[in-house]
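Subject: Structure handover

Hello,

Here is the structure for you to look over. My notes on it follow below.

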Amino acid sequence: MLQLNPSQLVRFIAPIICISSFGLLSACTNIAQSDPTKSQTVTTSLPQASTLFYGGSILTMQGMSPHYVEALFVKDGKIVFAGDLNQAQKLKQKNTQVINLKRHTLLPGFIDAHSHLNSVGLQQTVANLYPTPDGNVSDIPSLIHELSLWQQKNPDFIKATSGWIIGNGYDDAQLNEKRHPTADDLDLVSTNHPIIVLHQSGHLASVNHKALEVLNINQNTPNPTGGIIRRKANSQEPNGVLEEAAVFSAMATAFSQVPPEIMQNMAKTALNTYIKNGYTTVQEGRADHGTAELWRSFAAINQLNIDVVVYPDIMNEKNYMLKNGSSLNYQNHFRIGGVKISLDGSPQGKTAWLTQPYLVPPEGKSKDYRGYPAYPDIKQVQDAINLAYQNHWQILAHANGDAAIDQYLTTIEKANTQYGYADRRNVIIHAQTMREDQLDQAKKLGLIPSFFSLHTYYWGDWHKHETLGAERANRISPTGSALRKNMIFTEHHDAPVIPPKNMMVIDATVNRTTRSGDVLGEDQKVSPYIALKSVTDWAAYQYFEEKNKGTLEQGKLADLVLLDQDPLKVPSQKIKDIKILATYKEGRLIYQRPQ
């Protein structure tokens, strides 16, 4: 997913005392009550000296089978006791807050294994062009309608972006026309304003003719390195569809003049969205230096109340990383965890790099089309991996296609040989088409796959009939294979590609059911408990934080999420319907669902 550049926000945010109108951030002392329909109710009171939780299912997530306790006792932000209620009651003091869970379910707070925190604010600010269940766009006319409505309602935003109309989330796989909108289509919204609409994957976009003019893209413009400007049939004239590097350049132009106030509001919206979905640790998964410093600025004035881990892009931010490095220690809930490298594109967008051809190649491509690498020169990738090893930076590598995964495995193996097999916990992000032999090699190299099983629902049918064919589609996000090999793995939503709804993540990991109701890869299913492990205990391990997070046991942080039902006790097809009732960070209530 692309990452915006809010560098200008750093100079703006430092003097702010309270920047949340809904009481989101910790310096605010009052909760706005003017609109009770806005459900992000967040308490900002100081943590209770101690709290006793009882009266529900308290699932500790310790071990490989479910373990429940009767009570949880929290003091000064940490878990003091997890076990028998009678023993817990002996720890009560005069000021102990006693919370009856009323048969609801308490779990460790959810840990975001991979997403793009700041871009979630973008998703919820620009025009929503998602298909169901996250939006209402089903064809190009409905896309034009939603974009036009947003244009009418947001003149101030359009003025602030120097006239740009921006939408996010369209998916050609779900459009009735089964194609991308073109410049001609988007001209129906406006020919005077530049328009850009992002594909749901974040790896493609469409622009209108005015945007092509502003971006200086014409029939003589060459494809950028690592990107493609799609052309009209039998012509060099751009049709308005952009891929990969061309998208990132266009978005940088569209947001080049955005005032810091708007970037600030996007950041607040993003934080709030994760909190209300039960997350207590979140990731900025491909940051430029401006984005990294944005979150550092929030932290510097105590404006973060969940943990934010940032991974700058190693290819573009080498100097920033050499200056700042990474750390396992938080400063006011902020730290740089390592680096990110992106090796290919998106399978649903047919830009991921495969060893075997796509089932149905994109228009104008040969039958042997297999996508393409972000960095064709493997030496360039090897140099980046070596730099990370030399500086002890954890590496997160975006690799969807098995050819991209091969490239990553090759460079990691060489780096391990040269620099040693230390406990680095490097991660393969997405790992969508990972083969059995690649899982074996990854285990040998100490790599952690972070799977994107939500693809089975959102694009399972598309992969089966358009991108991969049934055999390869059945192996999308091979969690069952990884588990049989006794590998630790994590799960993610890659927000804003998919909104950060963790119960949807669990549901897809367990059920692997497509939009049409097919099961994609029966042998790759895992149990609800293992799916929960991937977003709690194992996700904490991925972050080197297993001593402080991921399970409910003595000495760990009281990062908690309260659910209305137990994911282990409802029919598996109902997991996605479970609601988040409350989120606690270090014993402090930071979100409570309205009554």
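A term first: a polar contact is a pair of N or O atoms within 3.5 Å; within protein, one must be able to donate a hydrogen and the other to accept it, and residues adjacent in sequence count only if both atoms are side-chain atoms. This is a predicted model, so local features need pLDDT of at least 70 and side-chain atom pairs count only at pLDDT 80 or more, while totals for chains, interfaces and linings use all residues. Residues are numbered from 1 along each chain as its sequence is written, and side-chain values use heavy atoms, with hydrogens and water left out.

**Domains**

The chain is divided into domain 1 (47-107 + 550-594), domain 2 (118-253) and domain 3 (342-541). These bounds come from an automatic or database domain assignment. UniProt, in an unreviewed entry, lists residues 97-591 as "domain: Amidohydrolase"; such annotations may be inferred rather than shown by experiment. That span is 34% helix and 19% strand (DSSP runs: H or I, at least four residues; E, at least two). Its end C-alpha atoms lie 17 Å apart.

**Domain 2 against domain 3**

The centres of domain 2 and domain 3, taken over C-alpha atoms, are 27 Å apart. In contact (heavy atoms within 4.5 Å) are 23 residues of domain 2 and 23 residues of domain 3. About 1900 Å² is buried between them (accessible area lost on being put together, 1.4 Å probe, summed over both). Carbon and sulfur atoms give 57% of that area.

How many residue pairs are in polar contact across the interface of domain 2 and domain 3? The rule finds nine, with both residues at pLDDT 80 or more. On the domain 2 side, α3 (117-123), β11 (227-231) and β12 (238-244) each supply at least two residues. α3 gives the most, with three.

The rule also finds one salt bridge across this interface (side-chain nitrogen of Lys or Arg within 4 Å of a carboxyl oxygen of Asp or Glu).

**Two buried residues**

Buried means under 20% relative accessible area (1.4 Å probe, protein chains only).

- Ala 404 sits in helix α13 (residues 402-419). Its relative accessible area is 0%, so Ala 404 is buried. Beyond four places in sequence, Ala 404 touches Leu 343, Asp 344, Trp 353 and Ala 399.
- Lys 585 belongs to strand β22 (residues 580-585). Lys 585 is buried too, at 2%. Its side chain makes a polar contact of 3.5 Å with that of Glu 586. Contacts beyond four places in sequence include Asp 307, His 333 and Asp 559.

Best wishes

Technical notes:
Buried < 20%, exposed > 50% of the residue type's maximum accessible area, 1.4 Å probe, protein only. Buried area = accessible area lost by both parts, 1.4 Å probe.
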